[in-house]
Amino acid sequence: MSDSLVVELRRRDFEILQKEMPGHHISYIPFGIFPLEMPDWNEIVAHKKIYRDTPIILSIMRLQQHQKRVLDLLMVIDQFRKIYSGSFIYLLVGDGPDRQRAQEFVRSAGLDDYVKFTGYMDDIRLICATARVFLIAGIEDLVGIAGLQAASLGVPIVSLQMDPEWKNTESIFFNSASHQVLAEELERLVRDDAYYKNASGYAASTVQSTFSVDQMVASYARVYTSIVTKEKTG
């Protein structure tokens, strides 16, 4: 058969198809984004002073436990607070049905001095540019548009793995299902400047090479061109 099929798949599904259909050409095209523009350096300096130049851990998401695991991310922050002796700020950008539950957890865990709820923000360039690390809940290697945009500015990604069957040891971004493991990675990124610098460079270059809109469009163009050419010559 010469028919072609174009669908959206998770990477694990793509790997299953490759295994089960070895004689067929199967292409995987990652999602693409437009990278954020770096704000003016004076704006960055002024924004950091608002938080007294303390390290900023950032999450941008809908505050919903069922899909976004906001309470789990707060548990990660609680674990991080216990192993990191310095000051820090965790910015939760966004709103949603579980905001009140999240605020109650913050109070009960004694995290009021560390966690700041900002609500929705239209322009995320400045907060991404001043963040030390981006914390998110993701499936497989998917970290959402906001995560990729933050990474485009060199913000390292730390992701809570929501897929219980995900066992890939060569993940694109750091991920784990363990709150403790994620807290330890946050601690290393905040404490170790050399480690952070490598992770920051990796985040920016990965978005440029793998998740850019130009790459995505070019990949789709190649797929559709091959389909059309095959139909004309078949």
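Reader: How do the axes of α8 and α9 cross, and within what distance do they come?

Author: In this predicted model, the axes of α8 (residues 179-191) and α9 (residues 193-210) come within 6 Å and cross at roughly 105 degrees. Angles of 65 to 115 degrees count as roughly perpendicular, so α8 is roughly perpendicular to α9.

Reader: Which residues meet there?

Author: From α8, E185, R188, L189 and R191. From α9, D193, Y195, Y196 and A199.

Reader: How many are nonpolar, polar or charged?

Author: Four residues of the α8 contact with α9 are nonpolar and four are charged. None is polar.

Reader: Switching to the sheet. What is the strand order?

Author: β3-β2-β1-β4-β5-β6. The sheet is open, has six strands and pairs in parallel.

Reader: Which strands stand at the edges?

Author: β3 (115-119) and β6 (174-176). Each has a single partner strand, so one side of each lacks a neighbour in the sheet.

Reader: And what does the twist average?

Author: From one strand to the next, 25 degrees.

Reader: Back to β6. How many bridges does its pairing with β5 have?

Author: Three, in the parallel sense, with β5 spanning residues 157-161.

Definitions and conventions:
Residues are numbered from 1 along each chain as its sequence is written. This is a predicted model: local features need pLDDT of at least 70, side-chain atom pairs count only at pLDDT 80 or more; totals for chains, interfaces and linings use all residues. Side-chain values use heavy atoms; hydrogens and water are left out. Two strands pair if DSSP finds at least two bridges between them. Helices (H or I, at least four residues) and strands (E, at least two) are DSSP runs, numbered from the N terminus. Axes are lines fitted to C-alpha atoms, for helices over the stretch in contact, and angles run from 0 to 180 degrees between N-to-C directions. Contact means heavy atoms within 4.5 Å. Angles under 35 degrees count as roughly parallel, over 145 as roughly antiparallel, 65 to 115 as roughly perpendicular and the rest as oblique. Ala, Val, Leu, Ile, Met, Phe, Trp, Tyr, Cys and Pro count as nonpolar, Asp, Glu, Lys and Arg as charged, and the others, Gly among them, as polar.
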